[in-house]
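Dear colleague,

Please find the structure below, handed over for your records.

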Amino acid sequence: MVSSLHMDNDVTRQMQEMAHLIGRFTLNDGIHATAIPSLSLIRASQISQPIYSVHQPALCIVAQGSKLVVLGRESYTYDRTQYLVASVNLPISGQVVQATAEKPYLCVRLDFDSGQIFDLIQSPSTMQSKPDNSTQRGLFVSSIKVPLLEAITRLVRLLDTPEDIPVLAPMFIREILYRIIQDEHGHSIKQFAVQNSHAQHIAKVIEVIQSEYDKPLRVDQLAAMVNMSSSSLHYHFKAITAMSPIQFQKQIRLQEARNMLIAGSTDAADAAFQVGYESPSQFSREYARMYGLPPKSDIQRLRQALQMEC
């Protein structure tokens, strides 16, 4: 009981310092790049509407406030007692659900890649005696631990001493990644760095779908490309992404079309054809199902909301 209380106090203290650091380096709302290329700081002073994007591999730690992330039909809510990791590119929606001007949402995001994880899992200390060959979801939320929190705090502190970043930042990042792959959900990350694993094959398929989202999807061709059967590809793809390859492609298409419409570079019918739809009416139906309104009404709503924020 005493040790648990002590740990809670350590987490609270570290989070207060983290919130203070993020607050100093983010005077305005938004995503702020830092002198450490893979590190971003995020601030939001109010609850947001769902923001749709493709979440790249990253660790996200909330120092203040809370956020809701939706992947397929699954929802993940996390605050300063937890952290979120995306291990592969995934189409998600993210929404800040707790934030005020007095106590804004404050978050640290650290991007990483499978090469960094591969380098770590070659170390004997991170190898398992019994390799885990299962395929796990490519996104998870886990309870924050003091060693991980201390490591990420040290990394953010480096922003005050930029001359130390070239030497110390790589060391601190390596420790942070070590901490998360040693977590109970660590296999979710390690699986993508294991040569010829199902997860590594699915990551390659995801890359192809993302780059060729406007082309017809042929699951049999994708399966042959990674030497899997169509049924095996479908099973492992859904295990990792919480959706089928076709559902994944649909989300990418709709996100791309929405970006075109927001930019004002085209109309709904033309956007539909550009992202691969043959029927504008089918595009409008699926767009409304995902975003709650038909394309024209949705874009009007987004622009009005943007004007109100300005």
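The notes below concern aromatic pairs and charges placed over rings.

This is a predicted model, in which local features need pLDDT of at least 70 and side-chain atom pairs count only at pLDDT 80 or more, while totals for chains, interfaces and linings use all residues. Residues are numbered from 1 along each chain as its sequence is written, and side-chain values use heavy atoms, with hydrogens and water left out.

Six aromatic pairs are present in the structure. Rings of Phe, Tyr and Trp (its six-membered ring) pair if their centres lie within 6.5 Å; planes under 30 degrees apart count as stacked, over 60 as edge-to-face and the rest as tilted. Y52 and Y291 are edge-to-face, because their planes stand at 80 degrees with the ring centres 4.7 Å apart. This pair links distant parts of the chain, 239 residues apart: Y52 belongs to strand β3 (residues 51-55) and Y291 to helix α11 (residues 280-291). Helices (H or I, at least four residues) and strands (E, at least two) are DSSP runs, numbered from the N terminus.

Y291 has 6% relative accessibility and therefore counts as buried, whereas Y52, at 25%, counts as partly exposed. Buried means under 20% relative accessible area, exposed over 50%, and partly exposed in between (1.4 Å probe, protein chains only).

Y52 and Y291 also belong to one aromatic cluster with Y277, F283 and Y287. R258 lies over the face of Y291, 4.0 Å from the ring centre, and the charged end of R253 sits over the ring of Y277, at 5.6 Å from its centre. A charge sits over a ring if NZ of Lys or CZ of Arg is within 6 Å of the ring centre and within 35 degrees of the ring normal.

Yours sincerely
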